[in-house]
Amino acid sequence: MSGMRKWMGAAVGAAGLVVLVAGTFLPWSRSGMTYRDSYESLGVLRELGFIGNVVTVWVAMIPVAAVTIALFALGLRRSAAIVAAILSIIVGTISGVAAVQGADEGDLIGIASSGPATTTAGSALALLGAVIVLATRRTRVAQQRTAGGEP
């Protein structure tokens with residue numbers, strides 16, 4: 001039964017990572033009639049001198065998520081769950097703050113809500129999957145404990 005829960009946790013975690021990454025390509029900011037995804041928004045902030053190399057770290061999230069999904073698929077679920085938890089906490093915090101700070105519908109400049117909200121939902125889903133995997137006991141440990149028990 002615990003093996004099934006681990007695979008379910010891995011599936012939920014991987015799906016959450018896909019939604020998390022997809023949300024970064026949705027609109028995050030709006031300027032007049034122009035919508036920008038998270039990468040374009042961070043690029044504009046970097047050109048204006050507000051942030052340093054945050055864009056490089058933000059873009060690195062995509063390969064980290066891809067490797068984590070591959071680790072889930074290869075059966076290295078606990079290692080993948082740890083990376084997924086860390087990634088989802090960091091990205092979820094950033095997107096959650098952006099979602100809360102979203103602009104009103106009448107504003108010409110501000111934060112668009114679809115990107116941050118989708119990324120936050122993906123982060124929550126990835127974190128849930130990671131918790132399921134990490135909360136489930138290892139199958140080998142459970143078998144060793146019962147193998148030498150009383151007849």
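1. L134 counts as partly exposed, because its relative accessibility is 34% (partly exposed lies between buried, under 20% relative accessible area, and exposed, over 50%, with a 1.4 Å probe and protein chains only). L134 lies in helix 5 (helices are DSSP runs of H or I of at least four residues, numbered from the N terminus).

2. This is a predicted model, in which local features need pLDDT of at least 70 and side-chain atom pairs count only at pLDDT 80 or more, while totals for chains, interfaces and linings use all residues. Residues are numbered from 1 along each chain as its sequence is written, and side-chain values use heavy atoms, without hydrogens and water.

3. Helix 4 gives the most to the patch, with four residues.

4. S88 is also placed in helix 4, but S88 is buried, at 3% relative accessible area. Leaving aside neighbours within four places in sequence, S88 is in contact with L20, T93, S123, A126 and L127 (contact means heavy atoms within 4.5 Å).

5. The largest nonpolar core has 23 residues; a core is a set of buried Ala, Val, Leu, Ile, Met, Phe, Trp, Tyr and Cys residues joined through side-chain atoms within 4.5 Å. Helix 4 gives the most to this core, with seven residues.

Conventions
Helices (H or I, at least four residues) and strands (E, at least two) are DSSP runs, numbered from the N terminus.
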